[in-house]
Amino acid sequence: MGLLEGKKAVILGAAGKDNMGQVTARLFAAEGAEVLVAGRKEGPLKEIAEELGGHYALCDITNRAEVQALAKTATEKMGRVDAAVNCSGWGLLANLLETTEDQLDQIVDLQFKGVHHFLQAFVETMKQQDPQGGSLISLSSATTKALINNHAAYIGTKTGSEALVRCVANDFGQYGIKANTVSPAFTESPMTSDSFKVPGLVDAFLPKYPLGRLNTSQDVAEACVWLCSDRAFVTGQNIQPNGGLTLRGNPQAVDIEAAVGAAMAKMQEG
């Protein structure tokens, strides 16, 4: 029997092929959950829903009405919601002095207001169902604990979302609702595929991981499964499935430039 046998789960941010949301959805289904995937692109959502024998719904997390509708649709299709995981995010790489107001509005809408919409909708859903309760997760980032250059807006909004999660855990635990944050570090995924092609970039990060490798999307999904299982008596926490990166901290811009420069020089010599 899987860790999530019989549970009903929503995975938001699963509209990118093989992204972290889809990896998480696959593991939830493998562990016995009935899964509804959601996001902004119907094609990939329909494809993975069919693969998992589950459901899908279109939802833009920045739109409160759409998030409210998602919670209602999930309840109608599955009868209840035992777990809801928000995997959405935008890895904006921008110097504080160069970040535009439009970029700031977009990232606040996605990574702060959107998380508020998500928590609001699913707390209400989990309060009303019988029996009450469930597990809420919003993905954040190790960068809120291990700062990295040129991510001020990203880190600021992710940090704000972590505070929202802690407030939910404190205010709604009485209804059997768990709320936690899961924070991956530099992860190879469709969103970061271009970064992994930069010679030397991974070399700058690897020494920062005590366990000797970068975390994977599967590592993140495993943490989410455990938190949503009945085995996790955990709420209001920031789980770091990133191999200990926060113990050593992320490389800074000067470290990355040196590693990339050394790799490029080696390639030219060869």
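Two strands are taken to pair if DSSP finds at least two bridges between them. Helices (H or I, at least four residues) and strands (E, at least two) are DSSP runs, numbered from the N terminus. This is a predicted model, in which local features need pLDDT of at least 70 and side-chain atom pairs count only at pLDDT 80 or more, while totals for chains, interfaces and linings use all residues. Residues are numbered from 1 along each chain as its sequence is written, and side-chain values use heavy atoms, with hydrogens and water left out.

**The sheet**

- An open sheet is formed by seven strands in the order β3-β2-β1-β4-β5-β6-β7, with parallel pairing.
- Strands β3 (55–58) and β7 (238–239) stand at the edges with a single partner strand each, so one side of each has no neighbour in the sheet.
- Six bridges pair β5 (residues 134–139) with β6 (residues 177–182) in the parallel sense; Ser135 stands opposite Lys178 of β6.
- Strands β1 and β2 run parallel and are joined by five bridges, and Lys8 has Glu34 in β2 as its bridge partner.
- Five of the six residues of β2 are buried (under 20% relative accessible area, with a 1.4 Å probe and protein chains only).

**Helices across the sheet**

- Helix α3 (residues 64–78) lies across β1 (8–12), β2 (34–39) and β3, at about 155° to β2; axes are lines fitted to C-alpha atoms, for helices over the stretch in contact, and angles run from 0 to 180 degrees between N-to-C directions.
- Helix α5 (residues 152–172) lies across β5, β6 and β7, and runs at about 160° to β6.

**Helix α4 with α5**

- The axes of α4 (residues 101–128) and α5 come within 9 Å and cross at roughly 15°.
- This makes α4 roughly parallel to α5 (an angle under 35 degrees).
- Residues in the contact (heavy atoms within 4.5 Å) include Leu104, Ile107 and Phe112 of α4 and Tyr154, Leu164 and Phe172 of α5.
- The contact residues comprise 13 nonpolar, five polar and two charged; Ala, Val, Leu, Ile, Met, Phe, Trp, Tyr, Cys and Pro count as nonpolar, Asp, Glu, Lys and Arg as charged, and the others, Gly among them, as polar.

**Helix α1 with α8**

- The axes of α1 (residues 20–30) and α8 (residues 217–228) come within 9 Å and cross at roughly 50°.
- Among the residues that meet are Met20, Val23 and Leu27 in α1 and Val220, Ala221 and Cys224 in α8.
- This contact has nine nonpolar, three polar and one charged residues.

Terms used. Parallel < 35°, antiparallel > 145°, perpendicular 65-115°, else oblique. Buried < 20%, exposed > 50% of the residue type's maximum accessible area, 1.4 Å probe, protein only.
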